[in-house]
Amino acid sequence: MRIALDFDNTITRDPDLWSAFVGLALSRGHEVKIVTSRHPGLPVPIINCPIEIIYCSFTAKRKHYDADVYIDDDPKHVDKDHAADTVEHADPPLL
Ligand SMILES: [Mg+2]
């Protein structure tokens, strides 16, 4: 199984839990990657990360990694760019 694990407000809520999860998942032959909306200019603060970190730069996560399972506190950005979300919810322009 390919598993995408979000960083902000997912791993950060309980790093020890997710560290144990990643270790168990890898030991069982699953593939786990951290898939973050962040831009690589603002890297996640993990030193010697044992798994790949994919930076999506605020574009839809599925464009970067086609996981079987996404573990994410904000799942709408699995399939939707942040910019599209911003436009969709923006107030109409004042004329
Ligand atoms: Mg998040």
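Mentor: What follows is a short talk about the sheet, its pairings and the core.

Trainee: What should I know before we start?
Mentor: This is a predicted model, in which local features need pLDDT of at least 70 and side-chain atom pairs count only at pLDDT 80 or more, while totals for chains, interfaces and linings use all residues. Residues are numbered from 1 along each chain as its sequence is written.

Trainee: How many helices and strands does the protein chain have?
Mentor: The protein chain has 2 helices and 4 strands, where helices (H or I, at least four residues) and strands (E, at least two) are DSSP runs numbered from the N terminus. Along the sequence they come in the pattern β-α-β-β-β-α.

Trainee: And in what order do the strands sit in the sheet?
Mentor: The 4 strands form an open sheet in the order β3-β2-β1-β4, with parallel pairing; two strands pair if DSSP finds at least two bridges between them. β3 (53–55) and β4 (69–71) stand at the edges with a single partner strand each, so one side of each has no neighbour in the sheet.

Trainee: What about β2 and β3, how many bridges join them?
Mentor: They run parallel and are joined by 3 bridges, and Ile34 has Ile53 in β3 as its bridge partner.

Trainee: Where does helix α1 come in?
Mentor: Helix α1 (residues 15–27) makes a right-handed β-α-β unit together with β1 and β2. Right-handed is said of a crossover if, with the strands pointing away from the viewer, the path from the first strand over the helix to the second runs clockwise.

Trainee: Changing topic, which residues are in the largest nonpolar core?
Mentor: That core has 12 residues, among them Ile3, Leu5, Trp18, Val22, Val32 and Ile34. A nonpolar core is a set of buried Ala, Val, Leu, Ile, Met, Phe, Trp, Tyr and Cys residues joined through C-beta atoms within 7 Å, and a residue is buried if 20 or more other C-beta atoms, placed from the backbone, lie within 10 Å of its own.

Trainee: And what is Val32 in contact with?
Mentor: Leaving aside neighbours within four places in sequence, Val32 is in contact with Ile3, Leu5, Val22, Ala25, Leu26 and Ile51, where contact is counted if the C-beta atoms of two residues, placed from the backbone, lie within 7 Å.
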